[in-house]
Amino acid sequence: MSIKTDISKNEDTLTISIDGKFDFGLLKEFRQAYSTDNGPVSKYVVDMRRTETMDSSALGMLLNMKKFLNKQDREIRIINCGPTLKKILLIARFDKKFRID
Amino acid sequence: MNTTKYHISNFGAAWLLTVVVVGAMYFVDNRHFSILAAALIIGIWTITSWRLSKSCWLAENRDHTAIRQQQHLEQGIKSSLNNLQKVSTQELSPLHETINQLHGVISDATRKLNSSFNGLSDKSTKQQKIMQEVLATFQGQDEDNQQGFTFDSFTAQINETLRNYVDILVDVSDRSIESAHKMHDMVAQMDEMFKLMQDVQSLSEQTNLLALNAAIEAARAGEAGRGFAVVSEEVRRLSDHSRELNEQIKDQTRLVKESLSDASRIVGHIASLDMNLAINAKGNMDDMINRLERINQFIGRSLEASAAISAGIKQDVGNAITALQYDDTVSQMTTYMEHALIKVQQECARLKQRIDHGAPIEDLLAEINSALQRLLQEGYAKQRKAVYATSMDEGEIDLF
């Protein structure tokens with residue numbers, strides 16, 4: 001599985017980790033990860049530590065996630081980005097919409 | 001042999017001998033001896049006078065020779081003086097011309113140099129102006145003072161365009177993913193429909209069964225059940241028909257599902273654009289901006305250096321033009337040279353006059369001497385010294 005989900009100990013944060021290529025092939029899985037009922041989770045984190053590449057579909061998926069969860073700007077965190085991925089996010093001006101760590 | 005001593009000794013000897021012989025004659029009273037003595041005395045005096053007249057004659061000869069030699073010398077000196085005077089005249093006259101030519105050449109060259117230097121200075125100033133105009137254009141202040149083309153605005157526009165492009169990419173992706181989600185939802189709904197159709201299917205199967213049962217009951221009722229048998233037959237036919245329709249709906253639904261699958265794949269392609277293009281473009285832009293910045297700085301520095309050089313050129317030209325202002329001095333110097341020449345020529349002319357009038361050598365030599373003295377006293381060297389002395393006293397110097 002390329003998508004792993006983890007819920008924090010205090011059950012308020014959901015972390016979605018993406019392995020390998022973050023592209024259109026992960027469409028169903030990724031949507032499932034955030035759209036299923038996760039209980040009292042209020043904070044969302046996307047962990048890119050094991051993510052190798054990202055194309056524009058990944059950007060679309062992230063935006064749709066934000067729309068679905070009805071979150072304001074910079075409420076969803078994207079963490080552990082490599083330099084290339086960070087460049088992509090910055091060029092796409094995602095630093096306004098997400099908190100990029 | 002013409003010495004006084006020689007004469008005195010000659011005379012002395014003669015007188016001595018005469019005295020001796022006369023004395024002897026006095027003491028010896030002999031006619032032979034007296035004649036001999038007389039002859040001796042005559043002989044002595046003949047020899048003496050002969051010797052004396054010989055030396056006179058020699059001396060006279062020598063005098064003549066000396067006079068001839070002196071005349072020769074005089075001739076020689078006169079002709080030398082003539083030649084000297086001729087040569088002086090011949091060599092001095094063209095000097096006037098040469099001095100004038102010299103003055104002319106110097107004036108001419110000076111004039112040309114002056115105008116060249118002025119031209120140089122002008123052109124350097126123009127060059128400087130042109131470069132400043134170029135710089136102003138780069139910095140967007142052309143002569144109409146409009147914010148025209150600048151590298152800054154150019155790169156800003158490109159950056160903007162790039163940003164817009166990326167925004168479009170992201171937007172397209174966003175909507176594509178949304179569409180893909182919707183299509184997946186539609187597929188799920190199709191599956192729901194399939195379930196319902198299954199229900200319809202089983203419904204019609206049950207209806208069929210029921211109709212069969214009804215037919216059997218109708219047959220058992222015999223004649224009374226014949227109407228009922230017809231009805232149940234109709235019901236069976238209707239349920240068959242409905243099953244067929246159901247099949248067709250299922251087929252259509254399957255087709256829709258396939259179409260959705262295709263559409264979803266297409267949308268997937270649209271959503272999956274390579275971001276590297278945008279990254280590389282942005283990277284190139286940043287590079288270009290850096291390079292342009294460096295070029296700008298380089299241009300700025302170059303212009304500064306150029307301005308300094310231009311100022312230096314002006315300075316050098318100024319110095320050159322000042323240095324070329326020696327015309328007065330050159331005039332003065334040529335005038336001095338003229339005067340010196342004229343003085344020497346005058347002395348030569350005076351000398352010629354005396355020679356032509358046949359003045360004696362001593363006079364000529366004295367004349368030459370006094371002429372030389374005059375030249376030494378009033379000549380160019382003394383004048384020059386005097387001029388320098390007064391000029392330096394006054395704190396000015398004639399030369400540049």
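## Briefing: chain A, its core and its contact with chain B

The largest nonpolar core has 39 residues, and M61(A), L62(A), I88(A), L89(A) and A92(A) are those with the most contacts inside it. Two or more residues each come from β2 (13-18), α1 (27-35), β4 (43-47), α2 (56-69) and α3 (83-91) of chain A, and from α3 (151-220) and α4 (226-271) of chain B. The largest contribution, six residues, is that of α2(A). The model is predicted.

**Confidence in chain A**
- The mean pLDDT of chain A is 90, and 99% of the residues score at least 70.
- Among the elements of chain A, the lowest mean pLDDT, 85, belongs to strand β1 (residues 3-7).
- The highest mean, 94, belongs to strand β6 (residues 77-79) of chain A.

**Fold of chain A**
- Chain A contains three helices and seven strands.
- Along the sequence these elements follow the pattern β-β-β-α-β-β-α-β-α-β.
- Five strands of chain A form an open sheet in the order β1-β2-β4-β6-β7, with mixed pairing.
- At the edges of this sheet are β1 and β7 (99-100) of chain A, each of which pairs on one side only.
- β1(A) and β2(A) run antiparallel and are joined by five bridges.
- Within this part of the sheet, T5(A) stands opposite I16(A), a residue of β2(A).
- The helix α1(A) lies across β1, β2 and β4 of chain A, and runs at about 10° to β1(A).

**Packing in chain A**
- Of the 101 residues in chain A, 38% are buried.
- Among contacts in chain A with a separation of 6 or more, 71% are between residues 24 or more positions apart.
- L89(A), one of the core residues with the most contacts inside the core, touches I78(A), C81(A), F94(A), D95(A) and I100(A), leaving aside residues up to four places away in sequence.

**Contact between chains A and B**
- On the chain B side, 20 residues are in contact with 18 residues of chain A.
- The elements of chain B that give two or more residues to this side are α3, α4 and α5 (276-323).
- Of these, α3(B) gives the most, with eleven residues.
- By type, the chain B residues on this side are ten nonpolar, six polar and four charged.

Terms used
Residues are numbered from 1 along each chain as its sequence is written. Chains are lettered from A and ligands numbered from 1 in the order in which they are written. This is a predicted model: local features need pLDDT of at least 70, side-chain atom pairs count only at pLDDT 80 or more; totals for chains, interfaces and linings use all residues. A nonpolar core is a set of buried Ala, Val, Leu, Ile, Met, Phe, Trp, Tyr and Cys residues joined through C-beta atoms within 7 Å. A residue is buried if 20 or more other C-beta atoms lie within 10 Å of its own, exposed if 12 or fewer, and partly exposed in between; C-beta atoms are placed from the backbone. Helices (H or I, at least four residues) and strands (E, at least two) are DSSP runs, numbered from the N terminus. Two residues are in contact if their C-beta atoms, placed from the backbone, lie within 7 Å. pLDDT is the predictor's confidence in each residue, from 0 to 100. Ala, Val, Leu, Ile, Met, Phe, Trp, Tyr, Cys and Pro count as nonpolar, Asp, Glu, Lys and Arg as charged, and the others, Gly among them, as polar. Two strands pair if DSSP finds at least two bridges between them. Axes are lines fitted to C-alpha atoms, for helices over the stretch in contact, and angles run from 0 to 180 degrees between N-to-C directions.
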